[in-house]
Amino acid sequence: MITTIRGTRFHYIDQGEGIPVLWIHGYPLSSALFAEQLSIRGVRHLVPDLPGFGESDSAGIASIEEYARALLSILDGIPLRKVVVAGLSMGGYVALTIARIAPERISALVLIDTKETADSPDAKRVRYDTAEQVRANGTRPVIDSMLPKLLSESSSHDPLLVSRTITIMESASAEGVVDALKVMAERPDSSSVLSSLAIPVLIAVGEHDAITPPSEAGRMLGLARNARLLVVPKAGHLSILEQPEAFNEAFVDFLRTELDADVSA
Ligand code: MLT
């Protein structure tokens, strides 16, 4: 589907019937990241490409709130009031931002391979340096440096998974990547948002996630009031793509038990 919000063309997948789930991808990825979740039945899958990623135009996004507001506008246009929000990594930062600015729109939160903290001064500096490189040389250096960090050791020997991951990253525009780097660098800490939530939270992390390791997930579990933790075996940062059966089963169980949803993997 294509929708236009304040002059910008957004692409999103709207597939299936049932409990609505908004899936928010990470950086520098796209809606294609969730291809293996679309088979979950009893779910209306809403999977946008964030501005400048996948098939969405870039929009000069300047803050994490602007990503969140763009997604809320997509929901308004459908129209859908309340959804399960599931975000992977940068998508988790956006999911926590939706929880901050519009908690009434979320029935449950799924935080996948992500964290609630803000960037350290060093991490910020690296983001701004990377943004300069992308402005000068395009996205290739980002793709080359991200690839070894995204997949677990065993997944990195799966040629199909590797080429799928590269193809997804190649769909990102330089403008989208530069915007995302600045947005992530300036995002606020979301610890108090997480600890304030009474809704059910599923925290999922790849056992070998090199970017947001299980220790980050454990800290989020300690902060959240009503959360469960899934550690996905043999997976890295893209746990949902690397080990979809393990994630999908746990996700379905979460929706069934916490929201009484009629769903199946
Ligand atoms: C992501 O996967 O979205 C990014 O690695 C997150 C980050 O760089 O903080």
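**Reading backbone angles and a ligand site**

Me: Where is Asp113 found in this structure?

Reply: In this predicted model, Asp113 is found in the loop that runs between strand E6 (106-112) and helix H3 (121-137).

Me: Are Asp113 and Lys234 buried or exposed?

Reply: Buried means under 20% relative accessible area and exposed means over 50%, so Asp113, at 0%, counts as buried, whereas Lys234, at 56%, counts as exposed.

Me: Which residues does the cis peptide bond with omega near -5° join?

Reply: That bond runs from Tyr27 to Pro28, and Pro28 lies in the loop between strand E3 (19-24) and strand E4 (43-48). Another cis peptide bond, with omega about -10°, joins Ile78 and Pro79.

Me: Which residues surround the ligand?

Reply: Tyr27 is one of them, and the others include Met90, Arg127 and His237; the shell divides into six nonpolar residues, three polar and one charged. A backbone N or O atom of Tyr27 lies 2.7 Å from a ligand oxygen, while for His237 a side-chain N or O atom is 2.8 Å from an oxygen of the ligand. The protein covers 93% of the 270 Å² of accessible area that the ligand has on its own, and the ligand sits in the largest pocket.

Methods:
Residues numbered from 1 in each chain as written. Predicted model: local features only at pLDDT ≥ 70, side-chain atom pairs only at ≥ 80, totals over all residues. Heavy atoms only, no water. Near = heavy atom within 4 Å. Polar contact = N/O pair within 3.5 Å; in protein donor to acceptor, adjacent residues only side chain to side chain. Areas by Shrake-Rupley, 256 points an atom, 1.4 Å probe, with all protein chains shown as cover. 1 Å grid on protein atoms, 1.4 Å probe; cavity = no way out; pocket = protein on both sides within 12 Å on 5 of 7 lines; lining within 4 Å. Sits in = over half its atoms within 2 Å of the grid points. Nonpolar A, V, L, I, M, F, W, Y, C, P; charged D, E, K, R; others polar. Helix = DSSP H or I, 4+ residues; strand = E, 2+ residues; numbered from the N terminus. Buried < 20%, exposed > 50% of the residue type's maximum accessible area, 1.4 Å probe, protein only.
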